[in-house]
Structure formats: C-alpha cells, structure tokens
Amino acid sequence: MRRRPNTGRKAQDLVVKAISAAAALLGIFFLGWILFEVGKRGLGAFDAAFFTSLPAPPGSEGGGLANAILGTLIITAIATVIGVPLGIMSGVYLAEVARGTKRAAAVRFIVNAMMGLPSIIIGLFVYTLLVLPFGRFSGFAGAVALAIIMLPVVARTADDMLSLVPNSLREAALALGAPRWRVTFSIVFRAAKAGLVTGVLLAIARVSGETAPLLFTALNSVYWPTSLMEPMGNLTVTIFNYAMSPYADWQRAAWGASLLIMAAVLGTTVLARVVFKEKKR
Amino acid sequence: MAVRPTARRGDRIYRGVAAAAGIGIALVAVGVGVSLVASSWPSIEKFGLSFLVTDRWSPVTEQFGALSSVYGTLVSTVIALVIAVPFSLVIALFLVELAPPWLAKPVGAAIELLAAVPSIIYGMWGLFVFAPFMAEHVQPALKNSLGFLPLFEGPPMGIGMLTAGIILSLMVLPFITAVMRDVFTMVPPIVKEASYGMGSTTWETTRKVTVRYGFSGLIGAVFLGLGRAVGETMAVTFVIGNSHDISVSLNAAGNSIASTLANEFTEASEPMYLSALVELGLVLFLITVLIQVGAQVWIGRTVKRAGGGL
Amino acid sequence: MNRSVPTILAMALLAALTLSACGESTPPQAKLDEPKAAGDEAGDTAAAAEARKGVMLNGAGATFPYPIYAKWADAYNKVTGLKLNYQSIGSGGGIAQIKAKTVDFGASDAPLTAEELDEAGLVQFPLVMGGVVPVVSIDGVSAGQLRLDPEALADIFLGKIKKWNDTKIQERNPDVKLPDTEISVVHRADGSGTTWILTNYLDKVSPDWHEKVGTGKAVEWPIGIGGKGNEGVAAYVQRVNGSIGYVEFAYALQNGMAHVQLQNKDGNFVAPTIESFTAAAESAGWKSAPGFYMVLTDQPGAGSWPITGASFILIYKEQADPALAKQMLEFFDWCFAHGAPMAKELQYVPMPDAVAELVRGMWRTRIASPAGSPVWQ
C-alpha cells in the first residue's frame, strides 16, 4: 500500500478526532459556566429553612420552598408514571407491532409533529380538558400536561432505539418459540435498554424545567399539598415568580431552586443508569 | 410450531396495549390540534391567509399578523441547529469512539446535565451573563471582520437573534447528543469491525458506516432538538429583544412564535387577541408538520430503516 | 434479568403516590391551625376561628401587587389561620379565571368598565396602588436629575425625539449636560398592567400617541426592544447607554436606577415617591367613578405623580357560599385596616381610608347570597 493516501486519510482522521475533543470540551465549558453562575447566585439560598419551610413574603426571615419541592416531586412522578409507559408502548407499536404499516407511519408523523408544540399550548389544552370542567386548578392536571409533553420524546426515542436492534435477535428468539410479547420485552428491550432509559431521562429533564404548562393547570400554591385536585406548589412557577421580582432574597431562592432542579435531574440520571446498567457478562 | 394458547392470548393483549398506546398518542395530538383550530377560529375567520404574511402586531387595534414571529422562529431555530447538529455529532463520536470509558461517562453526564437546566435559567443566564459577553466581545469582533454584510449590522446590544440562536443551540445540544450517542452505540460492533478490518480510520468508519446505519436514528435526534428549539419560550424571550420588526441583521431584536405567545397570553383578555395568539400556536404546529413532511420526502425514499423490521 | 431492583423502586414510587393522593399531608407547622387567642387583630371569636380552619381561598391575576398580596396573606394567616393562595398569572388570566369560576377572586391592574362588570356579574374594588417610573441610563445623568414634560416623554416613546440632546429635552434641563447619544427605548415584551398604566397616561397627554398607539396591556410599540418583565426592562436599561425604560417603583429602587422627574397636570415637576403616589390617589374622584372604574394617571394635585395606578379585585355579586364570601371580605377588610405599614415597606401605596369606606359601602349593598341577603354587614 502506498504511503501518501494513507497519510491524507490519517491526517483527516486526526483532525476530526481533535475537533471532537474540542467540541466536547466546549460543551463542558458552557455547562461549567452556567453551573458556576447558578451556583454563585443560588448556593447561598440553601439552608435548613429552604428545605423545610413554607414560602415567606419578601423581607421575611426563614422562608423556604419545601412545599414547592414536594409538589414538583409529586407532579413529576405522576407525569412519569403516566407518560413513560404510554410513550414506550407507543414506541413498541411503531417499531414492533405495526412496523411498516401505513397506520404506523401516520402515528409516527403525528408524534413528530407533537414534539414541536410549544408547551404553553399543551397547558392550555389540559386547562380546557381538566381545569375548566371541574372549576379548579389541580396538581393532577399539571401532571397530565407534563405527561403529554413527555409522550413524543419517549415515543420517538423508543421507536428509534427499538428499530436499531438487529433482526437477528428477534429471529433467534422467535425460532426458539417465544411469543411476540416475550421477544419484545425480554430480548429487544434488553438490547435497547440504554437508549430507552435515555429517552425517559431526556423526557424527565425536559419537563422538570417547564413553567408555562403548569401555570394553567397546577397553578401554584404557598401551602403544603393536601390533595391532587387542588392547586399544587411547584418549583418552576415559583422560580418564575421569584426571579421576576425585585427582592434579593426571593431572587436568591429562585437561583437556589434552579440549582436544586439540576442536581435532582443529575441524581435521577445517575441513579437510573446504575439501576438499569448492562451487567457485564 | 404450535404456540401455547396463553402465549397467543398474551400476544393479543400485547398488541392491543401497544395499539392503544400508539392510537392514544395520535388521539391526544389530534385533540390538541382540534382545540387549537377551534380556539383560533375567530382569528382565522377575520384575517384569513393574510395572517401569515402580515407584519403587524397591534393588540390595541386588533390587527394581527404572524410574519415577524414566524421569521424569528425560523431564523433562531436554523441558527440553533446549524450550531448544535455538527457539534452533537462530533461530541457523540467523541463519547462513543474516542474517549476511554473513565472519561466518556462523566463527560457524557456533563453534556446531559445541560438538559436539566431549567429554561428560565437559560434565559436569565443569557440575559445577565451571556448577553454582556456577546456585546463586549463577540458582536464587535463579528462587526469588525464581517460588518460589511447586512447580517451583522446594528449596534451590539448583546441581545438579538444570534444570541437567542446560540442559547437555543446550548439547550438542544444535550438532547441531540444523547440520542446520537445511543444510536452510535447501537450500531452492531460487527459492522464497525468489518470496516476497521478493511483499514478504515475511525472517521471513515463513522462517516461511511455508522452514520449510514443509524441515519434514521440520527434524524430522529435532530427532530428532537428541532422540537425543543421551535417551542422554547422562556430562554428566547429573555434575550431576543421582543421586537415585532423584521430585520436581516443577526444583531437585531426579533421575536419568536413561542415567546410572543408566552409573553402576551396571560395578560390578554379580549377574545380576538386571545384567538390570534392561539392561531400563532397553530401556525407553529403547522410549521413543524411542514418541516417533517419536507424531511420525510427528502430522506424517506432513500433510506431503509436499518436493523429492525420483523 | 435482575428485576428486583427496578420492581422495588416501582413499588416504592406507587406507594408514595398512593399515600400522597389519598392523604392529607400534615403540615409540620402547627401554627397554621392555631389562631392567636384573645386580643388578636381580626376580632376573632372561637367559632369563627374554627370555621376558618382548613379553608383555602384561591385568588389569581395581576403580577404587580403579587408581593404585597403574598405578604398580607401570610400575615393574615398567622393571625387567623385562614389560608389564602394568590398566584400572579397576569391580569388577563385573573379576569379569565374569575369568569371561569376557577378561583375565588380575580385581580387586575386595569379596571373593567361598568358594562363589562355587569355583563359578567362581577364587582370590582381597588385594593392597593403603586407608581410606574421612567428610568434612564445616560452617562453623566444621575437619579432624579432629568426632567421630562409629557410631550417629550410621549415623543421619546414614539421615536420622534431621537437623541438625548434634542432641544425639546434640553430646554427643560438647562443645568444638565445631555450627551449627543441616540435614545434606545426599552418597553415590556410581555403584556402587563404596568404597560397599561403608562400607555393610558401617554394616551391622555399626547394626541399623537392616542392616534398611533393607544392604551393596552400590550401595544404596537413604534420603536424599541422589549424586556421580559420589570427585571428584563431593568436589565436592558442598565446595560445599554442612552436607554430609557419604565418599571414599577419597587424595581427602580431595588436596582438603584436613575429615575426621572415628570411634569404633572398642575405643571410641577415631581419625583416618584410614596408621597407623590398618595397625592395622586387622594385627589381622585372615587365617589363618582361607576364600579370604581378609576384610572389614576394624570391626576390633578400639586404633588401628584402622573403615572400612578391602582390594582383591582374582582368578585361575584352573587356569592353561592356566603360564609366563604364573608371570610374573603374579612381578609380584604383587614388589608384596608391593618395592611398599610406592610404595603409601605414594599413600596406600595395603601388605599386612603375614605376610599376603603366607600368600598365597604359597596360590599354592603352589592354583594349578596343567591337568596338576596347581604354578605357584609
């Protein structure tokens, strides 16, 4: 083999490798920058009261965001419970059950279109569906709104990941006599596990920062959540309210709450990856 | 080969549940679409098609036109994707092919963490930290070097279309990267090894084998990012300057559909105003649909979905 | 596959959800349920205190009074145990939600006309006031130095005056060295009561503005960029030299911004202070305002600030639950009677006592149960 063509290809390869590393570095740099700024402004908000007390009006001591933290946990958890199974099963539908059919193509098209919907529109939709008829804002409506936002993210990722699993795996399982559902859940899922988990985590990360849909559904509250059918305090709307206020203590709390959200999502990500880790054989 | 009766019933349930989920999502989307059209009907009736090409936004005289918002959405999204997609591709490449495992995990987690930043924080960081940086360093530099282009006219205020586009690119980067990384991982090693076995470099393997194999998944990743960029409200409204004028310059202020909708909806009480705002949302929905149709026409014929299909 | 760990997690999650969905979580702060004993300010009887336990009133609307409503609600809760949850979703949202009956009261920075009120079966009353302050960021000009007359202010926002050293501005400011800098206008990107108050004022004082722009919570601004919220406007103004914007008084103070002196109806140049806002409120003719439709811009009075505004509460004339309505009115009554010091602390202007009396009179005559018996005695 002649030397020159190889050197050119090798050089190209090296350049791309360098660019990749630089790009990754740049991404981390921005993250570090944002983290630094948020941390600088928000770390000071973390005290015992932050995690245990109810909100206090501006200028008062000892206020916290405990009810908002609990509310966000509840709303996000319920949204996940609703949105993730539905999203994954839709992905299964698109990639396994109805693969290649016209119906699947139509559903896939619709799911993609849903991804571009501004979250405020989804909030309005759920408002018309679950708030107006009952005459009250509710944490449950908020969870439903978030679930709808999660759906296309989970479904599309699941669809893509499941589709990437080679057919040889399916053929082998079917040849052994496994029913279709077994093939999907035991074999294909396991092969696509990392990707499915990514889809779920991305969806959770996506909704954990959403404000507008909750504004029209769960509203917000300064008291402890007592029922799913009442307005429920949540971190994002509180952050919005506090950040837009002229009071230094409220603004600091807003930054602190944002830091908390980031930490929580990171924690969830790490936990999920550990739990669903591929066991090395 | 006889399948056990319980297995057949299990399969029926399985298919039923999957179909219910798939149809269910479609129904929800259709429901949203229908309610969008219903709420924007008064505005559709009043303005008709002129809504799409008029550049007026006057709540007081109730004259509404979506043009500046559509323009802003498209431009900011294009900037975001033009920056984010290549970056995501090479970062995913780095994470899967280049970085040793002890490095790939934390770097990957760090990139994913960008997705966890609440959008209002992107907005506030953008306004209080990044925009001044843009005003002091980036925009003047661009103006000095490329200022003859109408793209870079105007005073460097730090906010504007370019800043909004860059912040959007940061927001969509983790989504696109994470999915691309998983796509790269799911390409069977045997396929890659075959390429290496023939003497290909890493980049050549990636370009010619991995990307081709996972092309559909990569496009899915881009759509994920596109969806996020197009519907983003908080981050954009903080830094885009919220002006209803259209300008070619990237330094100029503009607005996007999502930001206008979010800004004005909570204070609007007149029915026609509300209807026009919802119609903006409908227009956005239609834009996403059109992009999708375009992409599918472009890709759909040539690429078979790799891997699955039984 | 090791199913146990994910399964355990799923069960734990389900358990937690079931508990939260069914249960009442007990608030850790017992004081929420224990109103103060004899001698407290709301004149409680034990029976009334019992009645308030577990009640939560929901209100939503204007963002402008959000901090003071939150403060009053918190203080009232400590005194009486009544829970009041006020959320700032915007005046439009407040009007929409009270009309949809998803909240107990709505709040709006812009008053509804008597016709709109009658049509919806609502009544309104002002609860608190505040001022809108033009702020500038000009090299060499300090707070309170710049004087603007009404035409100049309008022309700046119209884009007709383009530079700071324009004669129309300079002639009012003979001892200030105004630079030859372009004026950058900053307005609100989002719809807001603050914009409504400012545009209402400009509408009154400038025929040009009236013709070209008009009054609204969001308008078609002739020039300028939009900041998100008061914070956004403050941020833009602070960073762009030669800019002018408008913010609520509290923001101007908190951010140490350079406010402007305006010429009021009487021809005097006044600075924005609690006193000048109060002066505007006191000269207003509330008695003759149908449905309390009163806009406090451009009010007469030697020391009146020309861009003052009140924020309004909207409730139904016919209250299906008279007991709840009474508790709600008791809260507002308490705000009138005891809320003034807290309001001033947060740079809001409390309603003058005379107006509070008029409001109570309206409660007596207009708010009743479906059977017709008045809620407020």
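How many residue pairs are in polar contact between chain B and chain C, counting pairs with both at pLDDT 80 or more? In this predicted model, the count is nine. Taking in contacts of every kind, 27 residues of chain B are in contact with 31 residues of chain C.

When the two chains come together, they bury about 2100 Å² between them, and 55% of that lies on carbon and sulfur atoms. Three residues, B:Val60, B:Met157 and B:Glu267, supply 30% of the area that chain B buries against chain C, which is more than any other three residues. B:Glu267 turns up again in a salt bridge with C:Lys217, where the closest N and O atoms are 4.0 Å apart. On chain B's side, β1 (57-58), α5 (119-146), α10 (234-239) and α11 (257-265) each supply at least two of the residues that touch chain C. Sort that side by class and you get 16 nonpolar, eight polar and three charged residues.

Now hop over to chain C and look for strand β12, residues 308-316. Is this strand mostly covered or mostly open? Mostly covered: nine of its nine residues are buried. C:Phe312 and C:Leu314 are among those pointing one way, while C:Ile313 and C:Ile315 are among those pointing the other way, and residues on both faces are buried.

β12(C) also has strand partners. It pairs with β3 (residues 105-108) of chain C in the antiparallel sense over three bridges, with C:Ala107 bridging to C:Ile313. β4 (residues 122-137) of chain C pairs with β12(C) in the antiparallel sense too, over nine bridges, and here C:Gln124 has C:Leu314 as its bridge partner.

Terms used:
Residues numbered from 1 in each chain as written. Chains lettered and ligands numbered in written order. Predicted model: local features only at pLDDT ≥ 70, side-chain atom pairs only at ≥ 80, totals over all residues. Heavy atoms only, no water. Buried < 20%, exposed > 50% of the residue type's maximum accessible area, 1.4 Å probe, protein only. Helix = DSSP H or I, 4+ residues; strand = E, 2+ residues; numbered from the N terminus. Pairing = 2+ DSSP bridges. Contact = heavy atoms within 4.5 Å. Buried area = accessible area lost by both parts, 1.4 Å probe. Salt bridge = Lys/Arg side-chain N within 4 Å of Asp/Glu carboxyl O. Polar contact = N/O pair within 3.5 Å; in protein donor to acceptor, adjacent residues only side chain to side chain. Nonpolar A, V, L, I, M, F, W, Y, C, P; charged D, E, K, R; others polar.
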